[in-house]
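Please read the following note with the sequence and the model open beside it.

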Amino acid sequence: MRLIAAPADPSLPPLAAAQLGPGDLRAWCPACHTGATRAHRKTIHTAPPQADGLFDL
């Protein structure tokens with residue numbers, strides 16, 4: 001099985017991840033890292049809750 005060294009926190013942007021030291025990395029299988037990154041992106045790109053606004057009828 002092939003493993004990659006990637007940030008333990010998949011929410012880090014690539015530039016921040018490139019600056020991490022060895023202690024902040026984790027061995028991931030590529031599919032697991034991709035899945036964790038996508039799952040994180042889905043949670044931050046959900047629709048914001050509807051706020052009471054000026055145009056409530």
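**Note on the predicted model**

1. His33 is placed in helix 2, which spans residues 30–44; helices (H or I, at least four residues) and strands (E, at least two) are DSSP runs, numbered from the N terminus. This is a predicted model, in which local features need pLDDT of at least 70 and side-chain atom pairs count only at pLDDT 80 or more, while totals for chains, interfaces and linings use all residues. Residues are numbered from 1 along each chain as its sequence is written, and side-chain values use heavy atoms, with hydrogens and water left out.

2. Is His33 buried or exposed? His33 has a relative accessible area of 18% and is therefore buried (buried means under 20%, exposed over 50%, partly exposed in between, with a 1.4 Å probe and protein chains only). Leaving aside residues up to four places away in sequence, His33 touches Ile4, Ala6, Pro7 and Trp28; a contact means heavy atoms within 4.5 Å.

3. One of these partners, Ala6, belongs to strand 1 (residues 4–7). Ala6 is buried, at 5% relative accessibility. With residues up to four places away in sequence not counted, Ala6 touches Asp24, Leu25, Arg26, Trp28 and His33. Ala6 and Ala18 stand 12 residues apart in sequence, and their C-alpha atoms are 8.9 Å apart in space.

4. The protein chain as a whole has two helices and two strands, arranged along the sequence as β-α-β-α. Of its 57 residues, 14% are buried. Among contacts with a separation of 6 or more, 42% join residues 24 or more positions apart.

5. Cys29 is buried, at 16% relative accessibility, whereas Cys32 is partly exposed, with a relative accessible area of 43%.

6. The lining of the largest pocket consists of 13 residues, and those nearest its centre are Pro10, Leu12, Pro13, Thr37 and Arg41. (On a 1 Å grid over the protein atoms alone, a pocket is an open set of points where a 1.4 Å probe fits, with protein on both sides within 12 Å along at least five of seven lines; lining residues have an atom within 4 Å of a point.) Helix 1 (14–18) and helix 2 each supply at least two lining residues, and helix 2 gives the most, with five.
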